[in-house]
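Work through the exercises below with the structure open. Try each task before reading its solution.

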Amino acid sequence: MTELLVVMVAALMVIAGAKEAGPRLGIAAPLVLVAMGVAASFLPMFGSVDIEPEWILEGVLPPLLYSSAVSMPTMNFRREFGAISGLSVLLVVGSALLLGVFFMLVVPEIGFAWGVALGAIVSPTDAVATSIIKQMPVSKRVVALLDGESLLNDATALVMLRAAIVATSVAFSFWGALGSFAYSVVVALVVGGFVGWLNLVVRKRVTDPTVNTVISFAVPFAASVPAGLLGASGLVAAVVAGLVTGIRAPRDLSPQNRLSDSQNWRTVELVLEGAVFLTMGVQIKPIVTTVEQDHSGVLSAVLVAVVAFVLTVLVRAAYVVPLLAVLVSRARHGLTMQRQLREMQDRMSTPEGKQETFAQMNRRNREASERELNFFTSRIRQGLANIDYFVREPLGWREGVAVVWAGMRGAVTVAAAQTLPEDTPQRSTLVLIAYAVAAISLVVQGGTIGPLLRLITPKADPVAAEEQAHAEWNRIMELMRTSGETLEHPPPATTAPTAEGFRAAKEYRLAILAAQRSVLLDARDHGTFDADLLANALANLDASQIALEMRGKFTDG
């Protein structure tokens, strides 16, 4: 017991040290942790370490994916959802099948089905590994694509893995596999959405921030476990619960509760991500030892992994290039629609114009309800905001390089490989190949992505960027200022302050903050402003409200 405690304390210190030392050394913290884990694997106390893969897949990934989903700018995720879906499904399936053929040809006696199983294991990018890219000078659209892909592609990979394993014993059915995938996703959406809604219903009635945060720690498991028991994807359920929470939390939860959540979840992320990379490194020696005991070739397995890694990059590039072409074409089409949408928006500014425009769009219903008109107006505003976003954040060859090279493999690959059945042909070799692909990906891609992006990214004009941010910030401030005009006039000031006057002034100020938060959240849902600037404005409102609510009661004299 004492030895375990020493190991846990040492691991926490190593994680904290890597987080601080990595950037100063110019090395990503995950790479430092993997290297230290590899070194630790040669210590006697780690000689027989056996980490259950379920601890990673069911214990670590759900909270990490949930936390990432909560903090993800939901409007950017919605805008890129089509591309994210393709990366999460089509690319994973295509990669698994092509790699399956390769593994069948180079690994003796495994056959196509087991080759596809290994291909599914090494195909998905890892949410924890791609966290490296967030520290780099890269487009926000690239971050949104990579974040969204890594949140959702695990479900595709694990369903493919399950289908391939089943196909080794019975006849494979394409429609059966497709139906299994559809069932897994649909049930996960329902379970995750319900848990996310119930999470907010319960927590908005809890006033103690610490209790609120404790409840939030249970949410990803409350989504993933039932979904898993129903045969669906627990990881997708955790992601959906996180997205629902992230969208609704600013409206339903108090600033104190959300601030407590944010701070504590950042700590949880740091510890869990660090533990994932440490365990990856620690497992290297046992995996290699098992291959040697089975009299399989370690060197040949590593060579297969090198070629497989190259293939994953090539397949990814072959998919991303036409994807970017489609996204660029969509942005150009949006520009051609911009003028028409602006004309519609101008006409919709008056009641008569609203009815006329709606009638033109819907000949069967000349008299539209106010709700329908407001929805239509909102869609126009959202469409214009999307066009502005695509123009402001264009995708070119530099962004394509970033999307391709930042698609790193990590702990999910290692954990999924260890779930292969014990009777899998060449099982120890397949596990080593998967581990080597993940390790090569982290070292090669993770170690070079920073210098590569700095090399290909043109130097930005800091003055122009600051002016643009300042102009948008002024627009946000103007929106906040005008939001209070609909409120009643403030209570009259008195020469002799009273408890009643103090309370009225405080309530009036809180009402202003609530109105400002409401218009900013509406702007967030429409995508009107830059997500980061809007998040800063909302954080400022939260800080003002917390400070106001923490002020003591009125005291006379």
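The exercises cover helix packing, nonpolar cores and backbone angles in this predicted model.

**Exercise 1.** Classify the packing of helix α7 against helix α16, and list the residues that make the contact.

*Solution.* 
- Locate the helices. α7 spans residues 140-167 and α16 spans residues 397-405.
- Take the geometry. The axes are 10 Å apart and the angle is about 25°.
- Apply the cut-off. Angles under 35 degrees count as roughly parallel, so α7 and α16 are roughly parallel to each other.
- Assign the hand. The crossing of α7 and α16 is right-handed.
- List the contact. α7 contributes Val142, Leu145 and Leu146, while α16 contributes Glu399, Ala402 and Val403.
- Sort by class. The contact of α7 with α16 has five nonpolar residues, one charged residue and no polar ones.

**Exercise 2.** Describe how helix α11 packs on helix α21, and sort the contact residues by class.

*Solution.* 
- Locate the helices. α11 covers residues 255-282 and α21 covers residues 531-550.
- Take the geometry. They pack at about 120°, with axes 9 Å apart.
- Assign the hand. α11 and α21 cross in a left-handed sense.
- List the contact. Pro255, Gln256, Arg258 and Leu259 of α11 meet Asp542, Gln545, Ile546 and Glu549 of α21.
- Sort by class. The contact of α11 with α21 holds three nonpolar, two polar and three charged residues.

**Exercise 3.** Which residues of the largest nonpolar core touch the most other members?

*Solution.* 
- Take the core. It has 96 residues.
- Pick out the residues. Phe103, Ile121, Val122 and Ile433 touch the most other members.
- Find the main contributor. Helix α18 (residues 427-456) supplies the largest share of this core, 15 residues.
- Follow Ile121. Beyond its neighbours within four places in sequence, Ile121 contacts Leu161, Thr413, Ala416, Ala417, Leu420 and Ala434.
- Look for another core. A second, separate one has 15 residues, including Tyr66, Ala188, Ala227 and Ala232.

**Exercise 4.** Where do Glu109 and Gln426 lie, and is each buried, partly exposed or exposed?

*Solution.* 
- Recall the background. Most residues other than glycine have a negative phi.
- Check Glu109. Its phi is positive, about 70°. Glu109 sits in the loop between α5 (81-106) and α6 (111-122).
- Glu109 has a relative accessible area of 71%, so it is exposed.
- Check Gln426. Its phi is also positive, near 55°. Gln426 lies in the loop between α17 (411-417) and α18.
- Gln426 has 29% relative accessibility, so it counts as partly exposed.

How values were computed:
Residues are numbered from 1 along each chain as its sequence is written. This is a predicted model: local features need pLDDT of at least 70, side-chain atom pairs count only at pLDDT 80 or more; totals for chains, interfaces and linings use all residues. Side-chain values use heavy atoms; hydrogens and water are left out. Axes are lines fitted to C-alpha atoms, for helices over the stretch in contact, and angles run from 0 to 180 degrees between N-to-C directions. Helices (H or I, at least four residues) and strands (E, at least two) are DSSP runs, numbered from the N terminus. Angles under 35 degrees count as roughly parallel, over 145 as roughly antiparallel, 65 to 115 as roughly perpendicular and the rest as oblique. A crossing is left-handed if the near helix is turned anticlockwise from the far one by less than a right angle, and right-handed if clockwise. Contact means heavy atoms within 4.5 Å. Ala, Val, Leu, Ile, Met, Phe, Trp, Tyr, Cys and Pro count as nonpolar, Asp, Glu, Lys and Arg as charged, and the others, Gly among them, as polar. A nonpolar core is a set of buried Ala, Val, Leu, Ile, Met, Phe, Trp, Tyr and Cys residues joined through side-chain atoms within 4.5 Å. Buried means under 20% relative accessible area, exposed over 50%, partly exposed in between (1.4 Å probe, protein chains only).
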